[in-house]
Amino acid sequence: MALTRVSKKSDSKPRPRKMKSSENLPEVLYVEDEDLNWEVMFHMLEGDFRLTRAKNSVEAFEMLENKSFEVVLMDIQLAGSDLSGIEITKLMKGKFNGPIPTYATPEKNYEAPVIFVTAYAAAYDKKDLIGFGGTDLFFKPVEFPELTQAIKQLIAN
């Protein structure tokens, strides 16, 4: 008796990725001035989280005032912003020592943990950034499996 392999013919088109309903996904704010960085992050994390973007400090505080986020991803150098990502984080965590912009509410407790995401690996030390109020640090180009895991761990805690 001979064995015969039976296989279904496929149309060789890639299957579309099954997306979860975004309504039930954890909310993540990404403070990022560069469009390409935003697009890559959005594409890589869209199945696991619902991402919202702020391009500068004004938009970041507007978003934080109007919505609850479980995690904030923070670029450090923000072109076109009067505050850097470090200064935004310090303000969020009550560690800011400068004049407070009128658009920020310093007495509000922003509980969302902050993960710094930067291209400037040599310029920043993780220990310093955690001292400024951050929780973690990832360098660009980002290792997305590790970032996804870090976000999920913060949400679980």
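Begin by selecting Asp48, which is partly exposed at a relative accessible area of 21%. Here, buried means under 20% relative accessible area, exposed means over 50%, and partly exposed lies in between (1.4 Å probe, protein chains only). The structure is a predicted model, in which local features need pLDDT of at least 70 and side-chain atom pairs count only at pLDDT 80 or more, while totals for chains, interfaces and linings use all residues. Residues are numbered from 1 along each chain as its sequence is written, and side-chain values use heavy atoms, with hydrogens and water left out.

**First stop: Asp48 and Lys152**

A salt bridge is a side-chain nitrogen of Lys or Arg within 4 Å of a carboxyl oxygen of Asp or Glu. Asp48 belongs to the loop between α1 and β2, and Lys152 to helix α5, so the pair links parts of the chain that are 104 residues apart. Helices (H or I, at least four residues) and strands (E, at least two) are DSSP runs, numbered from the N terminus. Lys152 is partly exposed, at 39% relative accessible area.

**Second stop: the whole chain**

Five helices and five strands can be traced, and along the sequence they follow the pattern β-α-β-α-β-α-β-α-β-α. Of the 157 residues, 41% count as buried.

An α-helix has 3.6 residues a turn, so residues three or four places apart point the same way. Contact means heavy atoms within 4.5 Å.

The structure holds seven salt bridges in total. Select Arg53 and Asp35, whose side chains meet in one of them (2.9 Å, N to O). Arg53 lies in strand β2 and Asp35 in helix α1, 18 residues apart. Arg53 is buried, at 15% relative accessible area, whereas Asp35 is partly exposed, at 42%.

Next, select Glu27 and Arg50, which form a salt bridge with the closest N and O atoms 3.2 Å apart. Glu27 lies in strand β1 and Arg50 in strand β2, so the pair ties together parts that are 23 residues apart in sequence. Glu27 is buried, with a relative accessible area of 12%, while Arg50 is partly exposed, at 29%.

**Last stop: Thr118**

Finally, select Thr118 in strand β4. Is Thr118 buried or exposed? Thr118 counts as buried, at 0% relative accessibility. A polar atom of its side chain lies 3.1 Å from the backbone nitrogen of Tyr120. Not counting residues up to four places away in sequence, Thr118 touches Asp75, Ile76, Tyr124, Leu137, Phe138, Phe139 and Lys140.

Definitions and conventions. A polar contact is a pair of N or O atoms within 3.5 Å; within protein, one must be able to donate a hydrogen and the other to accept it, and residues adjacent in sequence count only if both atoms are side-chain atoms.
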